[in-house]
Amino acid sequence: MSQPTKQNSGSGKNLDDLFRDAIGQQEYTPSPRIWRILNLKLLIRELLHFNFTNVPKLAFISAGSIVIVASLSYWALKPNGKETAETLRKNPVAAVSESVKPINNTARPPERIIQASPEQMKQPVPAEGKSFQQSNYPVKQTVYTVATIAAASGTEKTVSYSEPEPGNIDNTAELTENITASQEVRFIDPLVFSNFDLLPSADTLRFIRSGEVYDYVREKMPVPSFFSVSLGVAPEMAIYRSNGVSTKEVNYWTNAGIAYHYSRFSVRTGLGLGYTYDEGSYSIQYRSNDSISFYREVIGYYYDPDNPSKIIYITRNRAIYDSITHIADDRTRNRYTYLQIPLLFGYSILETSKISIGIEAGPALSFLINEKKAQPVIDIPYGRLIKLQDNTPSRLSTNWQLWVNLSIEYQFSKNWGLVINPYYKYFLTPPAQSSETGNSTTQAFGMDVGIQYLFGGKRNKK
Amino acid sequence: MVIDEQIVKDCIAGKRQAQRMLFDTFAPLMLGVCTRYSHDRDEAEDILQEAFIKVFQNLHTFRGEGSLAGWIKRIIVNHAINYINKRNRIARHKRIDEIRETEIVDVNEIIEVPDEYNPALLLKLIQELPAGYRTVFNLHIFEDFGHKEIAETLGISENTSKTQLFKARRWLKNKIEEARQKQNSR
């Protein structure tokens, strides 16, 4: 506070003027924290009353950049074949004998028969990390296959194969194979696979080179699925808006939850015990006798000794009272306890070995299980109570909310993790109703912080 | 204290730079107003900060018919009164009880005081006034409210307003006298 230095001068003045002149135009420098808080509150208010006209260009640019970066990151990190692993399996000789037929059978449609050139047969390079086992199958100079594959990674290609039976019976069938990794087939030829066949199982790819038979088998890894339990506490700011007037209250929640995770999806439920309070509003109408004026009552008189023609009256002040109706407000503090049951469906956007980030959304139902209302203080020693009106909005026994969570998990051991869930609630039904009509909305923001235990631990997670 | 129309428009559009400019322009004077209605600096800053939210929320209703400073000051004063009423939850009808008169007073009494007191002392005295006295005194002396207007604003009778003002004046006069005596005895 800047120190006022102005001194009044003069011999004396009216008290009102003294104050008016001295501090009527006083200025003080506000502390910087006022603008900081004000700035934050304005920002929150803008977010609550979001419309595209009040968003600065910088925010648009930032949001757009985030979306682009997130999209690129997702594209770069998306699980490309991570859920499966492909291994080369030794092919039993018996199977070779049975499945590898003289495939230059004339019964096969000519357009689906491609002859491999001798160069294509010469030096195939094994895939990285793979090893082939030689079989004793006799070397053939000419090998036919039944299809070609454009081996662009990630493309889907229909592959035909045929296993002609003796007697020119054509058992042509259609299979669909999603080729997700080009490196697995590039050792033959990126464009023309002159010597491969698909077994009846879509997950097995058979290569034949120089009479050797290799089965390329796709092994599916189990989809991670596990349960988790969590315990947390959440301070929450609820904002009630009715007829353009906002009131805020702080709630405190203790939440226990159980979730089932399947791959990147999850479903969560649990119990939350919440404590909240509001202000009871009472209007107290009473009547009392108040002094409204006075008069001077003559209680005696005498003649002025110096001037006998003059009468001096002896008076005393007498009050005039009137009955006046007063309306006084009283505010009390009411306490409420809620039990809430959410049902949230989640999807994990980002998962690493330590951290996962996801979103959850779903409905929640809250029950009012306890209510303690304080009585107003009525202290009217000289008055008469006429009316006591309770203007406090009445609490409803149940209310529905729509939740949106941002779920952030940090795994600090195999089974244990820290969870931080900033969340937003929109009340589909209001928690309280007042006698005043009009539009009212209730929203809440909170931050649930707690611990989580994974049954099965990270080994079940990707 | 010049804020042009464009800055007001920018404030309404939510441009933070303009809002900051408006705040910087008027906050010092308005903090002086808040200080008179509150009992300490922290409370005054709380009032100022909350009132400026209302200023920005309602700036679109300002029609430019009067001065912007006067319009903002009215919001600040209204908010200060609401704030004080809210803080003193049960004080409101206590305050009415407090002023019940058992003696006759001349509510229009003019009190003469020496004027050698500095503003800091006078402000401190106002802040030490009971909330009810302080509010009526401020409205009457600094905002030029009549008793009828004060009665409507505070929801009290005109007589109560007059009595509160009288008691505030008397209280302040006594305190000024005490301060002078202390100063003379040193």
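User: Which residue does Arg268(A) form a salt bridge with, and how far apart are the closest N and O atoms?
Analyst: Arg268(A) pairs with Glu360(A), and the closest N and O atoms are 2.8 Å apart. The pair links distant parts of the chain, with Arg268(A) in strand β12 and Glu360(A) in strand β14 (residues 355-372) of chain A, 92 residues apart. A salt bridge here is a side-chain nitrogen of Lys or Arg within 4 Å of a carboxyl oxygen of Asp or Glu. Strands (E, at least two residues) and helices (H or I, at least four) are DSSP runs, numbered from the N terminus.

User: What should I know about the model and the numbering?
Analyst: This is a predicted model, where local features need pLDDT of at least 70 and side-chain atom pairs count only at pLDDT 80 or more, while totals for chains, interfaces and linings use all residues. Residues are numbered from 1 along each chain as its sequence is written, chains are lettered from A and ligands numbered from 1 in the order in which they are written, and side-chain values use heavy atoms, with hydrogens and water left out.

User: Back to that pair. Is Arg268(A) buried or exposed?
Analyst: Buried, with a relative accessible area of 10%. Glu360(A) is buried too, at 3%. The cut-offs are under 20% relative accessible area for buried, over 50% for exposed and partly exposed in between, with a 1.4 Å probe and protein chains only.

User: And what does Glu249(A) form a salt bridge with?
Analyst: With Arg395(A), the closest N and O atoms being 3.3 Å apart. Glu249(A) lies in strand β11 and Arg395(A) in strand β16 (residues 394-395) of chain A, so this pair ties together parts 146 residues apart in sequence. Glu249(A) is buried at 6%, and Arg395(A) is buried at 11%.

User: Where do Arg331(A) and Glu279(A) lie?
Analyst: Arg331(A) is in strand β13 (residues 311-351) and Glu279(A) in strand β12 of chain A. Their side chains meet in a salt bridge, 3.7 Å from N to O. Arg331(A) is partly exposed at 28% relative accessibility, and Glu279(A) is partly exposed with a value of 28%.

User: How many salt bridges are there over all chains?
Analyst: A search of the whole structure finds 19. There is also a network of salt bridges that links Arg33(A) with Arg41(B), Glu45(B) and Asp46(B).

User: Changing topic. What does the secondary structure of chain B come to?
Analyst: 9 helices and 1 strand. From the N terminus the order is α-α-α-α-α-β-α-α-α-α. Chain B has 186 residues, of which 53% count as buried. Of its contacts (heavy atoms within 4.5 Å) with a separation of 6 or more, 70% are between residues 24 or more positions apart.

User: What is phi for Ser263(A)?
Analyst: About 55°, a positive value, although Ser263(A) is not a glycine. Ser263(A) sits in the loop between β11 (245-262) and β12 of chain A, and counts as buried at 16%.
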